[in-house]
Each structure stands twice: as C-alpha cells, then as structure tokens.
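These are my notebook entries on a structure that I had not examined before. I set down what I looked up, in the order in which I looked it up.

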Amino acid sequence: MHQLDPSVKIIWAVSYSIRSVLFTALLLAFEFFFVRTGKLEWFLSFGLTTIIFALICLAIIIIYPQLKYRFWKFEVRPEELYLERGVLTRVKTTAPYRRVQHLDVAQSVMERMMDLGKLVIYTAGTRGADIIIPGLPIAYAEMLRDQLKNYSREDAV
Amino acid sequence: MIENSTYNDNSNSDNSNNDIIDTSSTYVPHSYGTEKRLHPLTILYRAIASAPGVLIPFYFVYTQGSIEDWLYILIGVIVGIFLLPGILLNYVYFTYYITPDEVVIRSGILSRKQRNIPIARVQNVESSQNFLQRLLGLVKIRIETAGGGETEGLLEFVSKKEAEMINQIIDSYKARLEEAAANPMEGGPSRHSADINFIESNKTNRTSQKDSLIFSMSLWDVTLYGMLRLRPTILILFAWLFSMSQQFGFYDFDDLPTDDIEGYIQSIDIATLIAYLIVGVIAFLIASWLIDIALTINKYYGFKLSKESGKLHTEFGLLGKKKGTIPLEKLQMTVIFTNAIRRKLGFYGLKLETAGFAAQQGKVSEVAVPFTKFERLLRIAKDVTKIEYPDELINVSRKTIRRAMVRYVLAFIFPLAGLYFVTSWFWLLLVLVPLFYYGAVLRYQFRGYYITGDTVIIKQGFWFQRIIIIPIAKIQTLNIRQTFFQRRLGLASLIVDTAAGSTIYDAKIDDIDQNDAEEIMQRLNDNFSKIYAAKSELRIED
C-alpha cells in the first residue's frame, strides 16, 4: 500500500488557508457593516465571531491535512487500482484497469512548484466516473499513467 | 470508390430478390449515396406544432380585445413571418445520406454543420410517432451512439419505409461486423470483405429476422396495470392545468371573497365542510386513478417484446407509437420493479438499462415487461439476460434498523418539535415512534443481496421495490463507503458502479457488515478478472 507524497499536506494546507482567509474576510466585512453598526443584534461583540471562526479555520488547516494524508492510501494491484480515502466518511474503491477510458496527469501551480501532480482516471461509470489520485511525484504519476495506458483493454461498455 | 462499385455490381442480384422484400426499393444499394431530404409533410407538421405560439396572441385579442392588444397581433404576425420561412429553410437545408459505414447528416442555414455517425458506433435506433405524426405517416428516428450527446443523430421526420430502410442498413452492417468478428480468419471487419458478404448476410438476416415474440399484453393486462400503478397523476395534471390557467387567464383569483374572508369562513358550517372535503378527496382519488388508467392504456396498448439475435424489440402505444431496441450486449443492469400493492398481488415489471451518458437520461432505460407475474417475469429475464436468481437473498445487517430508526426520528421529530410551542399535546407525537420502528423493520426486511458467479443482485425498497441485477462483467468500479456512524456500528455500504445511462437506480447494498463488504468486493474483483480471462482465452483458441 502506497501513501501519497508527504508534501501534498502543504498543498492541502495552502488551499484550505486560501479558502479560510477568504471566508474570514467575508465574515469580518459582514460584522463590520452589521454587528458593529448595531443593525443586527448578535450575542457576541464586534470581532469576536470572526476571531472564533478564524481559530476554527486554523485548527482545520493544521489538523485536517494530517488526517487526510494518513487515510489516503493506494495500491497498484495486478488487475485493478485500489484506493482508500476519507477522514469522516471512508471510501475504498477498486477500479479494474480494463475499465479505464482515458488518463490525465494534471498539475496546479502549487503542484508544479513542488514537482507533484495528480493522476486522473476516467471510467465510463455513472456515479464516481473519475478517480483522482493527488499528490504523486510527477515522474511517478507519469510512469503510472503510461503503465496503465499500455494495459490492453476493450473499449466496449 | 471501390466500395461504391461493389455495391452497384450487386444491385442487380439484390433486385432479383424482390419477392422476399415487401418494400422493394428500400434495399437497392445505390440509394445509399444519394443525399435525401426529410419527409415533405415534416413542413406541415412543424407548422402545426408551432401554431400555438403564433395563435396565442390572437387568442388574447379575441378574449380581451382592446386597441392596445393589436400589439399582440403584430407580434403574432412577426413570429409567423419568421417562423414559416424558417421551417421551410430548415427543411431545404437539412439533408442526410447513408454510406456503407456512416450516416451523414447536414444541417444549418447560415453555418453548415455536418455530422458523421459511424454505424459501427451506433448503439440503438429508436423510432417513435406521436398521434399527429402517425396520422401524417411521419416517423422520428433517433440514432444513439456511445459517444455522448454530440454524435447523436435525430431525423425528424422520415417516412415509415425510409425508417425501415435505415434500420435495415444499420442492422445488416452490425450483422456483418459480428460475422467478421466470428470469423477472424477473414481478417476482421475489413470493409472490403464485409461488402462481399453484404447481400448474403442481408438475405439471411431477413429470413432469420422473424422476431420471436417473448411477451405481449392484452388490453385487459394493460388496464389492470393502469389500475394498479397508483401514481398521483392528477396532481401532475393539476399542476400543469394550474400553470396553464394562470398563463391564459382562464381563472381569476380575484373572484375569491378576499374582503370578507372571515365572514365567509364563519358562514360555512363545519359538518358540511368536512362532508365536502371527504367527497372532494374521494372524487379526486377516483379521477386520478381513472386518468392513470387512461394514460397507461395510451402508453402501453398492444405491448410487444420480441427477441432477435442479440437484440430485443419493444413496440407499444395507442395514439402514439413507440418502437425501441435494446442491444443486449450493452446491457448494464436489469431492474425488476413493483410497488407495494402490485407486489401483494404478485405483479412485477422489468426494465433494462443500457450504456449511455448522463446527457441523455431516461433514453437508455427501456421497459421490457411493464407488468406480469413474478414467475413469468423471471423466466423472461433469465431467457433474455442469462441471469440466475436465487430462492432466497442474503439479508443486510440488522443494525440497519437502528440507523433507520435514528434517521426517521430525527427527520420527523425535529421539524415537529416546533409544535411544542403551539400545543401541549405535543407528547402525543411519541405515538409515532413505534410506527417508525415498524417502518425501519420493513425497510430491513425488504433489503437484500446475493452474489452469483456472474451477477450481483441488490434488492431495496418497500413502497417502490426494485431488484437490481448487474452482470459482474459490466462493473466499472466498486466502492465501499463508511460514514462516521456506520464505522461505529461496524457497517459499510457497497456501491457498484456501471455505465448505466440513467442514474435513478442506485446500485448500493446499504449497511452490511464491514468484513462482508470487503469480502464481497474481493470476490467481485476476482470474478471480474476470471470472466475476462476466460473471454480472452476463448479468443486465442479461435
């Protein structure tokens, strides 16, 4: 069973941070216009809500990537790909290679800086049609892609 | 070029077969290349179909005629001016032709668009007629492919003869492909060898094409089905009428005595009101029931299911007619469905889901048997799809009762807790708790699963029961999901993903023991590999 590259935690943390900053700013603006002016009666004085929210965000940013990393595992089995993920809701998936429709290796800016990439596997399935393995070293992701691509398969559904 | 000449050479010998062919001209191969227009009556049909849009403004003037409303007439005239030529131009600029291995459709007035549909990729050809189309002798043809919405071909409308011909060409091409695949010594489905086989395979096709009828419904069967469907038809009809009435102003809500609403209410005597209410509800239910029967008869009248090599054909409809084809090789799941009342009486229906894409939802789920007794249905299903069905399914974990219970109580008690502030009789709601328990037990009892060597069977639902049967060979991915609460109870759900086109049926075994789930996943993957290993071995031996 493989784990993802540990530096994926940084990427996750950064993406949560960006979202957190955005929401905190929105909340602060809301408080500034409504709570501070007294247009909205709120049980906490101006600024406190935002601070609490920011602290919760901070906790999530610190803890969640660790947990997510710990539960993200995958295995390249002889006939199928196996993935395990999820912190609260755990999901285990098997995708037989002959079901792969096509494959992508994608990189965001952050991932490019850290030489990481994600492998996206498309199947013809209706439910979870694409399977994404994030946080792979880019060379490994590309190797895996080529390896899966060469797997002989039928295109019939 | 080479193909064309081959076809023309053969055209004579084909014509000599006229005695077998009812519509002699349809099989003349040189009609392949010629570019054709749609049926001329298409223009008339489209004009009629778009008439309401033009006529509504006139209607407004007629009913509320005042000078300002001449504006509506103006709009109507403008619409008419643009619409009719539009219909004509669309007709003139829409052409199609069929080559030996492609259907080509050209359309567009200003920007021309050409769509090439490789016949090899055609999944399904569906022809349908509504009442008006049937009167005019028009057939709508939908050529479905596995390439998603973009490569679909829609011919609105062609003649009946033409529709048959298109069907024939596609069928015989598929037959040639299969033949070529069965005799790989000939070098696979190469176009040339396929061409030589064409006439012959077409002949055998036509003689062997006597579809064998598997299932049909009498008028009584259909009526009974309508009687037991129990859909809330009238609600749908009312919603529709309501929106229409508002749009057209048939109904004016100003008529309600809003000024003196209190006096109005007080003037009604409670007993009469209740009596009215009861009568109203009963009338409502009966009307709904009768409408449902009428709609069902209209839809499924003369239902026929027949089998041809590798394909099922359905045909049904009273005013409109529908013909569907179900390619069995594309079959993703078989669904046996019923409702609580039909189940009590032993009646079930059968739906077949073929591969498709989310964009064309509903188009890929075909009713193969609307309504019959379970034994007969199972016999048909086994005959058609080679499924096995065990006498008894395996139950899911009993702990699912507990989970359902918690969910029901939360879902019902919380919103109703507001009543606490309204009435002190609030605690009476506790009466509901045993009911919830009964519901949760029923839910558990009507759930089950079974894994055979090559199928997964999933049963769910009490009111609307369905038994989903998936060939293991069609599995796309397998998923085990465990929510936080499931993990605490050691439960898991197994989700089987296929390429079935419609997502109404959730192939999910809810709440089984987590070790069982792992074991089943393992077994399914093993069987999947075995099935394909056996298939490829067969191919090598050939």
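**Entry 1: B:Thr325.** I located B:Thr325 in strand E11 of chain B, which spans residues 321–327; helices (H or I, at least four residues) and strands (E, at least two) are DSSP runs, numbered from the N terminus. The model is predicted: local features need pLDDT of at least 70 and side-chain atom pairs count only at pLDDT 80 or more, while totals for chains, interfaces and linings use all residues. Residues are numbered from 1 along each chain as its sequence is written, chains are lettered from A and ligands numbered from 1 in the order in which they are written, and side-chain values use heavy atoms, with hydrogens and water left out.

Is B:Thr325 buried or exposed? I noted B:Thr325 as buried because its relative accessibility is 10%; buried means under 20% relative accessible area, exposed over 50%, and partly exposed in between (1.4 Å probe, protein chains only). Beyond its neighbours within four places in sequence, B:Thr325 is in contact (heavy atoms within 4.5 Å) with B:Asn124, B:Val125, B:Lys311, B:Leu312, B:His313 and B:Glu366.

**Entry 2: B:Leu312 and the cores.** I next followed B:Leu312, whose contacts, sequence neighbours within four places aside, include B:Ile214, B:Leu305, B:Thr325, B:Leu352 and B:Val384. A nonpolar core is a set of buried Ala, Val, Leu, Ile, Met, Phe, Trp, Tyr and Cys residues joined through side-chain atoms within 4.5 Å. The largest such core has 39 residues, and B:Leu312, B:Leu350 and B:Leu352 are among those with the most contacts inside it. Helix H12 of chain B (residues 374–385) gives the most to this core, namely six residues. Another core, apart from this one, has 34 residues, including B:Ile458 and B:Phe528. I recalled the general background: in soluble globular proteins, nonpolar side chains tend to be buried together.

**Entry 3: strand E13 of chain B.** How many residues of strand E13 (residues 347–354) of chain B are buried? I found eight of its eight. B:Phe347, B:Gly349, B:Lys351 and B:Glu353 point one way from E13(B), whereas B:Tyr348, B:Leu350, B:Leu352 and B:Thr354 point the other way.

I then looked up its pairing; two strands pair if DSSP finds at least two bridges between them. Strand E12 (residues 331–339) of chain B pairs with E13(B) in the antiparallel sense over six bridges, and B:Thr334 has B:Leu352 as its bridge partner. E13(B) is also joined by six bridges to strand E14 (residues 365–373) of chain B, again antiparallel, with B:Glu353 bridged to B:Ser365.

Entry 4: I traced an open sheet of seven strands in the order E1(A)-E2(A)-E3(A)-E4(A)-E18(B)-E19(B)-E20(B), with antiparallel pairing. Its edge strands, each pairing on one side only, are E1 (2–3) of chain A and E20 (508–513) of chain B. Five bridges join E18 (residues 477–482) to E19 (residues 491–497), both of chain B, and B:Arg481 stands opposite B:Ser493.

**Entry 5: B:Ile475.** B:Ile475 lies in the loop between strands E17 (464–471) and E18 of chain B. I recorded B:Ile475 as buried because its relative accessibility is 2%. Its contacts outside four places in sequence include A:Arg99, B:Val456, B:Val496 and B:Phe528. The C-alpha atoms of B:Ile475 and B:Val456 are separated by 9.6 Å, the two residues being 19 apart along the chain.

**Entry 6: chain A.** I listed four helices and seven strands in chain A, and 37% of its 157 residues count as buried.
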